[in-house]
Amino acid sequence: MKYFLLLSLVSIMACFEASAKSWDGKIYNVRNKIEISEPEYIQELSNYSIIVLGEKHYTTAVQLVEAKTIREVVLSKNKVGAFTTGWEFLNITSQNMTNSLFAKVKNSEITSEEFLIQTQGKTPTSTYATVIDVTAELGGNLLGMNLSRAEKDPVTKNGIEAIDPKLLPPGFDYGTPGYFERFQEIMQGHATPEQVKNYYASQCVVDDVMAYHLLKDSNQDLAFLIAGSFHTDFYDGAVNRMKVRNNQLSLATVKIVDASDYSESELMEVLHDDKYGDVADYIYFVNSPK
């Protein structure tokens, strides 16, 4: 009997382990509510001109998926030398420096890791080397999507009125009421109501800077936006501002989810929220649930 129970326990644990591991690499078409293969994922994304990749920062598996997605879509659409990668961690106001350093990566004068050190300092951004490498290898442009901390600080401290007007995109506007509601939820207990208002203003400035400059400065035949997923979830933030600025955009959103942040029972809840709707067009899971 003990032997039988031991075998049963081993069998249960093996099934659980196999189930948990199976999440790594799962891809869902959220609108159609079906799991799809990686070739299907690339084929479907290749129908779009702008692909938004909502990420968890500094996560090797996540940035590998971003690099792979860029590579396969560029090749599928035959856009070698004719695409843009927009990245949240680079500043649009430092674009001349970005262009100069990225040209050196393309010419093999510096490595992508050296590029990251020179643009990010000591921040541990080496996981993004794969993204820099694939953009350089396939002849893409690399576009800054943000403002510097110094440029955003006046807004964070004193509100939208404090920003240098030259930095504010034409036609700037805040996000939707639902976006502000979700922002309040994550900031609850971390700041006063006045601080939350200012932090939200800064968040919305970043969203609109991303939207404005990706549409204005990128190759819109094919452009990728890499940004923290709060900027892209539920088609809000930068995604909403792009659609407001051009409601004819051919745009798809992908949320890359680190399954290790969740228990297995929580993972399917990531796809859809009863209040806010679908989180993205596609979900790509990496790693295994806890």
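Let me begin with a definition: a residue is called buried when its relative accessible area is under 20%, exposed when it is over 50%, and partly exposed in between, with a 1.4 Å probe and protein chains only. By that rule K197 is exposed, because its relative accessible area is 52%. K197 lies in helix α9; here helices (H or I, at least four residues) and strands (E, at least two) are DSSP runs, numbered from the N terminus. The C-alpha atoms of K197 and G159 are separated by 7.5 Å, although these residues are 38 apart along the chain.

Please keep in mind that this is a predicted model, in which local features need pLDDT of at least 70 and side-chain atom pairs count only at pLDDT 80 or more, while totals for chains, interfaces and linings use all residues. Residues are numbered from 1 along each chain as its sequence is written, and side-chain values use heavy atoms, with hydrogens and water left out.

I turn now to the sheet. Strands of a sheet pair through backbone hydrogen bonds, either parallel or antiparallel. Which order do the eight strands of the open sheet follow? The order is β2-β1-β10-β7-β3-β6-β4-β5, and the pairing is mixed. At the edges stand β2 (34–36) and β5 (141–146); each has a single partner strand, so one side of each is left without a neighbour in the sheet. From one strand to the next, the twist averages 30 degrees. Angles run from 0 to 180 degrees between N-to-C directions, and axes are lines fitted to C-alpha atoms, for helices over the stretch in contact.

Two helices on the sheet deserve mention. Helix α4 packs on the sheet and touches β4 and β5, where contact means heavy atoms within 4.5 Å. The direction of α4 makes about 145 degrees with that of β5. Helix α9 also packs on the sheet, touching β3, β4, β5 and β6, and its direction makes about 155 degrees with that of β5.

Let us look at individual strands, starting with β7. Eight of the eight residues of β7 are buried, so this strand is largely enclosed by the rest of the structure. In a regular strand the side chains alternate between the two faces of the sheet. In β7 both faces are covered: L251, T253, K255 and V257 are buried on one side, and A252, V254, I256 and D258 on the other. Strand β7 pairs in the parallel sense with β3 over five bridges, and G54 has K255 as its bridge partner in β7. Five bridges also join β7 to β10, again in parallel; there the bridge partner of I256 is Y284.

Strand β6 is likewise mostly covered, with six of its six residues buried. Six bridges join β6 to β3 in parallel, and I51 stands opposite F224 in β6. The parallel pairing of β6 with β4 has four bridges, and G86 has L225 as its bridge partner in β6.

Rolling a probe the size of a water molecule over the atoms shows where empty space is left. On a 1 Å grid over the protein atoms alone, a pocket is an open set of points where a 1.4 Å probe fits, with protein on both sides within 12 Å along at least five of seven lines; lining residues have an atom within 4 Å of a point. The largest pocket has a volume of about 870 Å³, a volume being the space filled by probe spheres set on the points, which are joined across faces, edges and corners. Of its 29 lining residues, E88, N146, L147, R149 and K152 are the closest to the centre.

The second largest pocket has a volume of about 330 Å³. Which strand gives the most to its lining? That strand is β7, with four residues.

Y235 has a phi near 60 degrees, and its place is in the loop between β6 (223–228) and α10 (238–245). Y235 is buried, at a relative accessible area of 17%. N287 has a phi of about 65 degrees and sits in the segment after β10 (282–286). N287 counts as partly exposed, because its relative accessibility is 27%.

Key
Two strands pair if DSSP finds at least two bridges between them.
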